[in-house]
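Please walk through this structure with the model open beside the text.

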Amino acid sequence: MLAGLVLLEILSISLFAAILTRQQTQRVRLRAQFILAYESASLASQVSEALEQQRPGWISSSVKTVGEAPNVALATVTDPAGNVLFVSKGEADQAVLDPDERAQIPFISRDHARLFTLPGNRWEAAWAIYTNNQLRGYTWVEFDPTSARGQLFAIQRDTLVFGAIWVIASAILVLLMGRSIARPLSVLHRGAAVLMNTPEDGGHFPLPIAVHNEIGDLIETFNRMVASLAEQRAGLNDTLSLLDSMLANAPIGLAFVDRNSRFVRVNQIFADLTGVTVSRHLGRTLTDLLPASVADEIESAVEHVFLSEEPVRNLELNGEGGKPRRPWTWLISAYPVRTTPTQVRWVGVIALDASDRKRSEEALRRSEKLAVTGRLAASIAHEINNPLEAITNLLYLLRNFSELSEAAKQYVTMAEYEVRRIAEITQQTLRFYRQPTHPARSTLSELLDSILTLYQGRINALDIRVERSYDPALTLFCFAGELRQVFANLVGNAIDASSAGGRLLLRARRSRDWKNPAQTGIRFAIADTGSGMEPEIREHIFEAFFTTKEVTGTGLGLWVSHEIILKHHGSVRVRSRTAAQGNGNAPATIGTVFEVFIPDDPSFAEEPSTAGIAQTSSPATA
Ligand SMILES: Nc1ncnc2c1ncn2[C@@H]1O[C@H](COP(=O)(O)OP(=O)(O)OP(=O)(O)O)[C@@H](O)[C@H]1O
Ligand SMILES: [Mg+2]
């Protein structure tokens, strides 16, 4: 750019110098013509005056004076024939006119100068000398080009010097301007490159503004644009973080699939449902990761959404899986995800694990039935009481009957024993139904015995050996009805797990809390030599609706028991071992032990805490 500018300037200055020289040359020529005309006329008038005055001496001095005038090289006076009479330089008799000068003679007049150019670019003027209308000769004045040339040279030199100064000055100016433009432009360029390559790196901005011109304004606008971009990016990041945290923490499974039913994004809960890690979902299809029947149903819902652009809601899917294997229910909804108002790009799949709800509905149905059965049992027990009393009285009368043989009396005694058992069972049944609502001091042996009475039939049927180890005088301040429910469930579970000929241990004694030795209370142990539990089952037993007894269990027994224990500020722990863990040990070391600690004088807080479950895998001892 700089070289181009210098070249352009040199060209324009040369052109300017050429035009100036041409103009100057013309001006010099005009001036020369004027001077020559004036000088030749003046010499002619002086010569004619000298001739008229008859003073030829004046002629010589006039010729000399004119010859010495500025811009005059030579002044000559000739006779009409062109013979030199006077000359300003040298001797007249040695000077002659050039043939070219002579050729001008016919054209010389007394009215105006005859101007002509001789070879060698010599300019000359001639004037006719008349006295009394008689031609007396001619004056010849030759122009001295030296000073004109000097002037022309000076003009050219001045023009060149001015031109050189002009070119250098403008080159320096352009250089300075170039730097003042190029520097901020390169700052701007670097800033744009940083913005494109590492848009998150805000350390380079705002760019420094070192100039206060249009480029400075441009940099300032650029800085404002970067700041606004950063603000927009921050807003976008906020929205993305919001969506990410929603996706990660929403208590529902979320997945997005494309037109080929490939996963483009899933959240952890969805991954938990499918049992495959989040990253393994991406790029895989529904059929790759889900059981065929489930994948088919979801796929057809997704297809329907793509075609109709309408959501599909609450599609119920059922199956079985997980560890331990349990039935599950998913509620699936699918909705269109549009990136433009007219195009459905993905389909969002919402999966809701409705297994618990399904189980709770089932449990509710079953507990309704149980409640009805309970009420029925209580009313039957109540109704049985009156006839039982009559039978007891009648048997008493019968036993004292004198005609009765010894064998008959023995039968009556046996009948009395069985009737007493019936009475006891009806009492216990009624006690379950009519639970006191206030805590009271209860005798634990009575409480535990009453439970054994209830289960006596099943205990006998399985020939289970019951070992009781508790002081008959042991008492506890508690909700007796609720604790009865706890032990009834623990004993019921123990019997469920036991096989024929097993052992069941019930123990209660004064002790200290294993978590807080300063706390005194009663420690219960209910141990069986039954099937035991695998660790993955043991982990879940206190969860509501967790059961391995598909048909007979609701999975609420231990959950309710745990709540009651917490209500009494107590704690519970389990040890269990299965035959697989037992490594061929004696059957007595296989089974389950539930230990329950209930502290003295609990204040029965309203809100139970979630603490209080301890589990170990050490062998169960009965
Ligand atoms: N003594 C035990 N031995 C082996 N497994 C047991 C024992 N006690 C509990 N379990 C396991 O814990 C699960 C949950 O017990 P929980 O009492 O809560 O429910 P359930 O007995 O199945 O049903 P229900 O609500 O009728 O009591 C049982 O299904 C069983 O698998
Ligand atoms: Mg149970």
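Ligand 1 has 20 residues around it, and T547, T548, K549, T554 and L558 come nearest. A residue counts as near a molecule if one of its heavy atoms lies within 4 Å of it. This is a predicted model, where local features need pLDDT of at least 70 and side-chain atom pairs pLDDT 80 or more, while totals for chains, interfaces and linings use all residues. Residues are numbered from 1 along each chain as its sequence is written, chains are lettered from A and ligands numbered from 1 in the order written, and side-chain values use heavy atoms, without hydrogens and water.

Which elements build the shell around ligand 1? Helix 13, helix 15 (557-567) and strand 17 (591-599) each supply at least two residues. Helices (H or I, at least four residues) and strands (E, at least two) are DSSP runs, numbered from the N terminus. Helix 13 gives the most to this shell, with 4 residues.

Now look at the polar contacts, pairs of N or O atoms within 3.5 Å. A polar side-chain atom of T554 lies 2.4 Å from an oxygen atom of ligand 1. For D528, a polar side-chain atom lies 2.9 Å from a nitrogen atom of the ligand. N489 places a polar side-chain atom 3.2 Å from an oxygen atom of ligand 1. Taken alone, ligand 1 exposes 590 Å², and the protein buries 91% of that. These areas come from the Shrake-Rupley method with a 1.4 Å probe. The space taken by ligand 1 is the largest pocket.

The protein donors of the magnesium ion (ligand 2) are N489 (OD1) and N493 (OD1), lying 2.2 to 2.5 Å from it. Donors are N, O and S atoms within 2.8 Å of the metal (3.2 Å for Na, K and Ca); water is not among the atoms, so sites may look incomplete. How are N489 and N493 placed in helix 13? They are 4 residues apart in helix 13 (residues 480-497), so about one helical turn separates them. N489 is buried, with a relative accessible area of 17%. Buried means under 20% relative accessible area, exposed over 50%, and partly exposed in between (1.4 Å probe, protein chains only).

Go back to helix 15. Its buried residues are L558, S561, H562, I564, I565 and L566. Just after helix 15, H569 takes a positive phi of about 65 degrees. Most residues other than glycine have a negative phi, and most peptide bonds are trans.

Two loop residues also have a positive phi. Phi of Q54 is near 55 degrees. Q54 lies in the loop between helix 1 (2-52) and helix 2 (56-68), and at 68% relative accessibility it counts as exposed. Phi of N132 is near 50 degrees. N132 is found in the loop between strand 4 (122-131) and strand 5 (134-143). At 70% relative accessibility, N132 counts as exposed.

Where is the cis peptide bond? It joins F205 and P206, with omega about 0 degrees. P206 lies in the loop between helix 4 (145-197) and helix 5 (214-249).

Finish at A95, in the loop between strand 2 (84-87) and helix 3 (99-102). A95 counts as partly exposed, at 23% relative accessibility. A95 and V84 are 11 residues apart along the chain, and 6.3 Å separates their C-alpha atoms.

Definitions and conventions:
A polar contact is a pair of N or O atoms within 3.5 Å; within protein, one must be able to donate a hydrogen and the other to accept it, and residues adjacent in sequence count only if both atoms are side-chain atoms. On a 1 Å grid over the protein atoms alone, a cavity is a set of points where a 1.4 Å probe fits but cannot get out, and a pocket is an open set with protein on both sides within 12 Å along at least five of seven lines; lining residues have an atom within 4 Å of a point. A molecule sits in a cavity or pocket if more than half of its atoms lie within 2 Å of its grid points.
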